[in-house]
Amino acid sequence: MKKDTQGRIHFKIVFWGPSLSGKTTALRWIYDNVEGLNKGGFTSVADHTGRTLFFDYTPMQATAQVVFDVYTVAGQRRHRGQRKVILTGVDGIIFVADSSPDQMEANIESMAELRSFVGEELGHSISLVVMLNKQDLPNAMEKTVMLAKLGLGNAPNFTTCALTGENVKRTFRQVTRDILMYHLYPKTSAKASAS
Ligand SMILES: Nc1nc2c(ncn2[C@@H]2O[C@H](COP(=O)(O)OP(=O)(O)OP(=O)(O)O)[C@@H](O)[C@H]2O)c(=O)[nH]1
Ligand SMILES: [Mg+2]
């Protein structure tokens, strides 16, 4: 959270997850489809195949006083350094897991890296919402199996398809709500997520 020179409060949200899990697609869908947010430009640093090289970024103004600065990280293993930089000052994370069975190891690795960067703050002072993406695939893994393998049984979660936008708005609404709740009522929210 930070305040800008015009007195607006900025909250930072980061889409995290392995490469090709659908982070950029989800943010793009929100940018193109969610109304009621005053959106700035969409900045994307990607290679010619569309894989993110550094980050995507778009500012979304919710009220006169509140702006959500929304980023995606570059999921490929080699961009670990960039991912760590993007996490600086983060208030909320949407973890985008890929429901293809052959990507489960990559999901686990990505979650382990995230935990190593943010530690105990995850799910407490840093809100966490899980997107089980690509649920449209015929061989998509079961939600409960994925959450158990990721050690995320208690985290708020949604089964999504970022291509059609199914449940993407609900995921985004959940993380923004959790961030605001934490900052309005920090003690109550911390107790709720610990229990
Ligand atoms: N079937 C299906 N395909 C999806 C879904 N979401 C994204 N994709 C596809 O998956 C591919 C990768 O999506 P991206 O959004 O670029 O993935 P990313 O997580 O940003 O990847 P990096 O930038 O490398 O970290 C694209 O071809 C998308 O069209 C989904 O819900 N279902
Ligand atoms: Mg991307």
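## The shell around ligand 1

Helix H1 (residues 23-33) supplies the largest share of the shell around ligand 1, namely three residues; helices (H or I, at least four residues) and strands (E, at least two) are DSSP runs, numbered from the N terminus. In total, 22 residues surround ligand 1, and the closest are Gly22, Thr24, Thr25, Thr52 and Gly75. A residue is counted as near a molecule if its C-beta atom, placed from the backbone, lies within 6 Å of it. By class, this shell has 12 polar, six nonpolar and four charged residues. Ala, Val, Leu, Ile, Met, Phe, Trp, Tyr, Cys and Pro count as nonpolar, Asp, Glu, Lys and Arg as charged, and the others, Gly among them, as polar.

This is a predicted model, in which local features need pLDDT of at least 70 and side-chain atom pairs count only at pLDDT 80 or more, while totals for chains, interfaces and linings use all residues. Residues are numbered from 1 along each chain as its sequence is written, and chains are lettered from A and ligands numbered from 1 in the order in which they are written.

## Overall form

The protein contains six helices and nine strands. Its radius of gyration is 16 Å, close to the 16 Å that the globule rule gives for 195 residues, so the protein is as compact as a globular protein of that length. The radius is taken over C-alpha atoms, and the globule rule is 2.2 Å times the number of residues to the power 0.38. Along the principal axes, the C-alpha atoms fill a box of roughly 50 × 45 × 30 Å.

Of the 195 residues, 38% count as buried. A residue is buried if 20 or more other C-beta atoms lie within 10 Å of its own, exposed if 12 or fewer, and partly exposed in between, with C-beta atoms placed from the backbone. Among contacts between residues at least 6 apart in sequence, 69% join residues at least 24 apart; two residues are in contact if their C-beta atoms, placed from the backbone, lie within 7 Å.

## Strand E2 and its partners

Strand E2 (9-16) is mostly covered, with six of its eight residues buried. Strand E1 (residues 2-3) pairs with E2 in the antiparallel sense over two bridges, where strands are said to pair if DSSP finds at least two bridges between them. Within this pairing, Lys3 has Ile9 of E2 as its bridge partner. The hairpin of E1 and E2 has five residues between the strands, and in it Gly7 takes a positive phi near 80°.

E2 also pairs with E6 in the parallel sense, over seven bridges. Four bridges join E2 to E7, and these two strands run parallel. Phe15 takes part in both pairings: it stands opposite Thr72 in E6, and its bridge partner in E7 is Ile94.

## Strand E8 and its crossovers

Seven of the seven residues of E8 are buried, so this strand is largely enclosed by the rest of the structure. In a regular strand the side chains alternate between the two faces of the sheet. In E8, Ser127, Val129, Met131 and Asn133 point one way, while Leu128, Val130 and Leu132 point the other way.

Strand E7 (residues 92-98) and E8 pair in the parallel sense over seven bridges, and Ile93 has Leu128 of E8 as its bridge partner. The chain crosses from E7 through helix H3 (residues 104-118) to E8 in a right-handed β-α-β crossover. A crossover is right-handed if, with the strands pointing away from the viewer, the path from the first strand over the helix to the second runs clockwise. E8 and strand E9 (residues 157-159) pair in the parallel sense over three bridges, with Met131 opposite Phe158 in E9. The chain crosses from E8 through H4 to E9, and this β-α-β crossover is also right-handed.

## Residues in the loops

Leu20 lies in the loop between E2 and H1. Its phi is near 70°, a positive value in a residue other than glycine, and Leu20 is partly exposed, with 18 other C-beta atoms within 10 Å. Lys134, found in the loop between strand E8 (127-133) and helix H4 (143-150), has a positive phi near 65°. Lys134 counts as buried, with 24 C-beta neighbours inside 10 Å.

His79 is placed in the loop between strand E6 (66-73) and helix H2 (80-86). With 19 C-beta neighbours inside 10 Å, His79 counts as partly exposed. The C-alpha atoms of His79 and Thr52 are separated by 9.4 Å, although the two residues are 27 residues apart along the chain.
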